Amino acid sequence: MPSITIIGPGSVGGTVAAWLARDKTNTIRICARTAFDELIVETPHGTLTVKPEIFTSPEQVEATDWVLIATKTYDVAPTAQWLQRLVAPNTIVAILQNGVEHMERFMPYVPAAQLLPVVVNLPAQRKGPGQIWQTGNGELTVPDTDNGKKFVKLFEKTQLAARTTPDFLSHAWAKLALNSTGAIPALTLQPLNLRKHEDLIEISRLLIRECMAVAKAEGANLDEMLEDKIINGYRDNPSNSINSLHADRLAGRPMETDARNGAIVRIGKKHGIATPMNQLITILLNATNDE
């Protein structure tokens, strides 16, 4: 009977918690800023309603088998306060966050052998405390390690597709290439509709190419057709599709700029690779954070 504690019951954390709670052998606990009575997630497979234990202070929790971090990438410090109480020598800490620096964020707080990076593809929107709308099927990808296999097993009784990959580095950078273009709707406050705004295609391509160049320098092996696949994917997206960066700005929340476009710029500098479009986007997004 594994005990699973989710830090951050937002769109990703809340959806994952609700699916895992379907397996009655799991003990689900949630660490949140704000308490709520129940977790309601509308999914493509029906509505999930669960009543997990909710904790609002690190002093209330104890060590657990699993910790699933689903906080924003800029919330490392408050997340670490929970980890001090939750992590025992055998605890596995899965990091369900954006970017390619999962391990670097939490190695100061948890031994690297206990950390498990996760690439998340889970379209969902938080409507309020404990209320989430999952708009499409979800996929969670982890390294092909013993801990990765254990993570996949947690999701056997859910409708979330969890899988391992022998090349996690490349998978994470491919996701970041996609996410790099999400900065455009966050700036325009409009969905990225490339069928309507063909002039945005070249900007999108420049963002992706810069990311792919940095990824190659980091050792990632990306599909040569990735750029076209991302562009075609945006052409096929619903016209009202909103990504997390866009949603955060609309809600007046801080954005994960540093973990996305900022990371491309920062890691690019390490390799002597110029990333002018991502640098411009980063500067503009950071300026909007001061609004």
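Predicted model: local features only at pLDDT ≥ 70, side-chain atom pairs only at ≥ 80, totals over all residues.
The residues concerned are Q97, N98, G99, H102, V118, V119, V120, K175 and N179. Two elements, β8 (115–121) and α5 (168–180), each give two or more residues to this lining. Strand β8 provides the largest share, with 3 residues. The space in the largest cavity amounts to about 40 Å³, and a search of the whole structure returned 1 cavity of 30 Å³ or more.

Strand β8 also contains N121. With a relative accessible area of 28%, N121 is partly exposed, because this class covers values between 20% and 50%. When neighbours within four places in sequence are set aside, the contacts of N121 are with N137, G138, E139, H171 and K175. K175 belongs to the cavity lining as well. A further residue considered in relation to N121 is L140, which lies 19 residues away along the chain, with a separation of 6.3 Å between the two C-alpha atoms.

L140 is in turn one of the contacts of L96, a residue that touches V12, V16, L68, I69, A70, V118, V120 and L140 once neighbours within four places in sequence are left aside. Among these partners, V118 and V120 also line the largest cavity. L96 is part of the largest nonpolar core, which has 36 residues and in which V16, L39, L68, L96, F151 and F155 touch the most other members. The greatest contribution to this core comes from helix α1 (residues 11–20), which supplies 6 residues.

V50 is located in strand β4 (residues 46–50). The relative accessible area of V50 is 11%, so this residue is classed as buried, the limit for that class being under 20%. Between V50 and A21, which are 29 residues apart along the chain, the C-alpha atoms are separated by 6.9 Å.

A value of 11% relative accessibility was likewise computed for S3, which therefore counts as buried. S3 is found in strand β1 (residues 3–7). Residues up to four places away in sequence not being counted, S3 is in contact with T27, R29, T64, D65 and W66.

Cysteine residues were examined separately. A disulfide is a covalent bond between the sulfur atoms of two cysteines. The search of the whole structure identified 0 disulfides.

Methods: Residues numbered from 1 in each chain as written. Heavy atoms only, no water. Core = buried A, V, L, I, M, F, W, Y, C linked by side-chain atoms within 4.5 Å. Buried < 20%, exposed > 50% of the residue type's maximum accessible area, 1.4 Å probe, protein only. Helix = DSSP H or I, 4+ residues; strand = E, 2+ residues; numbered from the N terminus. Contact = heavy atoms within 4.5 Å. Disulfide = S-S within 2.5 Å. 1 Å grid on protein atoms, 1.4 Å probe; cavity = no way out; pocket = protein on both sides within 12 Å on 5 of 7 lines; lining within 4 Å. Points joined across faces, edges and corners; volume = space filled by probe spheres on them.
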